[in-house]
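Here is a set of questions and answers for a first look. Each answer sets a value against a cut-off and concludes.

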Amino acid sequence: MSKKVTLLVAGSWGTALASVLADNGHDVYVWTRSEQQAAEINLQHTNSRYLPGVTLSDRIVASSDMEEAVKGTSAIIIVAPSSAMRAVVLQLKPYYTKGTLIIHATKGFELPSLKRMSTVIAEDLDCAEGDIVVLSGPSHAEEVVKRNPTTIVVAALNDDKANYARDLFMNVNFRVYTNRDQVGVELAGALKNIIALGAGMSDGLGFGDNAKAAIITRGLAEISRVGVQMGANPLTFSGLAGVGDLVVTATSKHSRNWRAGYALGQGKPLNEVLEAMGMVVEGIRTTEAAHAISIKYNVQMPIADQLYQVLFTGKDSRTAVEALMGRDPKTEMEVMKLETWEQWHK
């Protein structure tokens, strides 16, 4: 049955998700601040800045009028950058109807509050955080719009809402699993961007596959360690939102975070890297957030710490890698506190 579904905003990932929904026969509205971008989507069926060379379904309608975009919609999918999330939600608030399904697909934290995106949305829309659905997993927009096989996860404490979101998106090209660990799925999606930066930096330095494999593996240990301390189920980090998204983001040239890290590894300054990217690199802000989170929760995050020093204190990237290699010996299974591990295995 066809439904009206609304996406905020019209970046690459928002547009890719709009294409999945259009394939499923829904009437898709995409909100954008730019009247010019809305006109391009409506008249030319393209979004050339974010997905060049892609023709969009004529079921996708763009609007710069928030009220028009969300009126009568069955679900609102928010795909704003983390830095813009609160501003976008506040624009939505006057037109939000209580009970309308909210899904977000943003991988980051609010700064300086360190709040997850579902917390930000729930605060401003005055809704239950557990009712918000988090969409995450290994999914490059460039491959989704080509209908390449993709598998993701939707997470919420409310099973009915998670199942509704699954049914909106699920098709032969886009497989959707559900998960009740909203916190873990959200944290995994955000924190893996840091490790992708590190993997790209390692490649930019020419260190090869051995080094990158170590960064990914030990990076997953860091993500799991801090995630469990923040209330996540450790098993989530071995799933699609965890190791799945980490692998695809840390190994692909489609990944903005990998590309940014690669350029940094080649010695380019951060401001030059961001200017050349032309799009948000969530891993930069997330590294800043993770540095504060590791202090707040007293959890060691050595890879994130060294990346923080490269990004924000001017430390040389090669020196940062040497600092990681020269750390005191550890046992491999120092992932999380034993009592927390036992809690999940009773």
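## Why these labels?

Q: Why is Asp 126 called exposed?
A: Asp 126 has a relative accessibility of 56%. Exposed means over 50%, so Asp 126 counts as exposed. The model is predicted, and the value is computed from it.

Q: What makes the phi of Asp 126 worth a look?
A: Phi is positive, at about 55 degrees, although Asp 126 is not a glycine. Most residues other than glycine have a negative phi. Asp 126 is found in the loop between H5 and strand S6 (133–136).

Q: Why is Arg 147 called partly exposed?
A: Its relative accessible area is 45%. Buried is under 20% and exposed is over 50%, with partly exposed in between. Arg 147 is therefore partly exposed. Arg 147 also has a positive phi, near 65 degrees, and is a residue other than glycine. Its place is the loop between helix H6 (141–144) and strand S7 (150–155).

Q: How do you know that the peptide bond between Leu 8 and Val 9 is cis, and where does Val 9 lie?
A: Omega is about 20 degrees for the cis bond that joins Leu 8 and Val 9. Val 9 lies in the loop between strand S1 (4–8) and helix H1 (12–23).

Q: What is omega for the cis bond from Leu 111 to Pro 112?
A: Omega is near 5 degrees there. Pro 112 lies in the loop between strand S5 (101–104) and helix H5 (117–125). Most peptide bonds are trans.

Q: How many aromatic pairs does a search of the whole structure find?
A: The search finds three. One of them is Phe 169 with Phe 174.

Q: Why is the pair of Phe 169 and Phe 174 called tilted?
A: The ring centres are 6.1 Å apart, and the planes are at 45 degrees. Stacked needs under 30 degrees and edge-to-face over 60.

Q: What makes the pair of Trp 258 and Tyr 262 stacked?
A: The planes are at 25 degrees, and the centres are 5.0 Å apart. Stacked means under 30 degrees, so this pair is stacked. Trp 258 and Tyr 262 are four residues apart in helix H11 (residues 256–265), which means about one helical turn separates them.

Q: Are Trp 258 and Tyr 262 buried or partly exposed?
A: Trp 258 has 9% relative accessibility, under the 20% cut-off, so Trp 258 is buried. Tyr 262 has a relative accessible area of 29%, so Tyr 262 is partly exposed.

Q: Why is H8 called oblique to H11?
A: Helix H8 (residues 182–204) and H11 pack at an angle of about 40 degrees, with axes 6 Å apart. Roughly parallel needs under 35 degrees, and roughly perpendicular runs from 65 to 115. That leaves H8 oblique to H11. H8 passes H11 in a right-handed crossing. The contact includes Ala 196 and Gly 200 of H8, and Trp 258 and Tyr 262 of H11.

Q: How do you know that Ile 215 is buried?
A: Ile 215 has 15% relative accessibility. Buried means under 20%, so Ile 215 counts as buried. Ile 215 is found in helix H9 (residues 208–229). Leaving aside neighbours within four places in sequence, Ile 215 is in contact with residues including Ile 195, Ser 202 and Ile 303.

Technical notes:
Residues numbered from 1 in each chain as written. Predicted model: local features only at pLDDT ≥ 70, side-chain atom pairs only at ≥ 80, totals over all residues. Heavy atoms only, no water. Phe/Tyr/Trp six-rings, centres within 6.5 Å; stacked < 30°, edge-to-face > 60°. Helix = DSSP H or I, 4+ residues; strand = E, 2+ residues; numbered from the N terminus. Buried < 20%, exposed > 50% of the residue type's maximum accessible area, 1.4 Å probe, protein only. Axes fitted to C-alpha atoms, helices over the stretch in contact; angles between N-to-C directions. Parallel < 35°, antiparallel > 145°, perpendicular 65-115°, else oblique. Left-handed = near helix turned anticlockwise from the far one by under 90°. Contact = heavy atoms within 4.5 Å.
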